[in-house]
Amino acid sequence: MFIKTKWTVTADYQSTAAGKQFASLEQALSFTGGEVITADSESQVRKAKIDNMIVFVKCYFRVRGLRSWLGFSRIRGEWKNLLFFKKINIPTANIIAYGETYCLGHSFRGALITEGLKNVYTLSDLFATKHNLLQNHHWLLKIIAQLAKITRIMHLNRFAHNDLKWRNILVTSDLINPQVYLIDCPLGMKWSWPFLSKRLVKDLACLDKVGKQCLSNTIRMRFYKQYRQTDRLSNKDKRMIKQIIHYFRGKN
């Protein structure tokens, strides 16, 4: 009797075919169209085309772990953080619908439906395939500037992504006006001192973990200076850079 279901179809999609297809949580959880992108014992992600719109359907059929009992389930974190990104003007995927079945704050099942972004790559795919975009200086500088701005906005809002890896960053191949998007952020949250500083370092270290393998030191330093909005490194900056460089030392 205490179990409740909350489901929201966002305003921009209520009259669309996708909005009608996923008008309830049950419709989302029972959807079998398209193709399975990833799946495990708890969740599944499908990619489908509905009325010329690409959609991603992420469903959690059961939610486990202490975090879910404390109101921090992964599925809830997914949509809350994407909505937060929208609020602070960080480019991300548009949400079509989202919701969950819950009791006393604990999430049992949930789903998130997003519209697919067009003509995008993950930065990790570009790195893995040694794509020539990473050798295009003009394109790369624009991507670095956008990513520095996005990361700075997040951190100024005391928000740490907590999984800011290249696989969670989408970019377009447009050589004139490329665009950066952040996706998949179920573990991100706001932090306060003294925990915030370490989380910010982790975000930057996640970016640099792959960055140091394919970007020059000049480009990496350019990113950091744009992130900090400075032309000259302070002693605080130098300490932070050392923490970033050594963050994953001895870790898997």
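## A pair of packed helices

Helix α6 (residues 137-156) and helix α7 (residues 196-214) have axes that come within 11 Å and cross at roughly 160°. Because angles over 145 degrees count as roughly antiparallel, α6 is roughly antiparallel to α7. The crossing of these two helices is right-handed. Keep in mind as you look around that this is a predicted model.

Which residues of α6 and α7 make the contact? On the α6 side they are Leu147, Thr151, Met154 and His155, and on the α7 side Leu200, Asp203, Leu204 and Leu207.

## A three-stranded sheet

Let us turn to the strands. Strands of a sheet pair through backbone hydrogen bonds, either parallel or antiparallel. Here, three strands form an open sheet in the order β7-β9-β10, and their pairing is antiparallel.

The edges of the sheet are taken by β7 (120-122) and β10 (180-182). Each of these edge strands has a single partner strand, so one side of each is left without a neighbour in the sheet. On average, neighbouring strands of this sheet are turned by 30° against each other, direction ignored.

## Where β9 meets β10

How many bridges join strand β9 to β10? There are three between β9 (residues 169-172) and β10, and the two strands run antiparallel. To find your way along this pairing, look for Leu170, which stands opposite Tyr181 in β10.

Terms used: Residues are numbered from 1 along each chain as its sequence is written. This is a predicted model: local features need pLDDT of at least 70, side-chain atom pairs count only at pLDDT 80 or more; totals for chains, interfaces and linings use all residues. Side-chain values use heavy atoms; hydrogens and water are left out. Axes are lines fitted to C-alpha atoms, for helices over the stretch in contact, and angles run from 0 to 180 degrees between N-to-C directions. Helices (H or I, at least four residues) and strands (E, at least two) are DSSP runs, numbered from the N terminus. Angles under 35 degrees count as roughly parallel, over 145 as roughly antiparallel, 65 to 115 as roughly perpendicular and the rest as oblique. A crossing is left-handed if the near helix is turned anticlockwise from the far one by less than a right angle, and right-handed if clockwise. Contact means heavy atoms within 4.5 Å. Two strands pair if DSSP finds at least two bridges between them.
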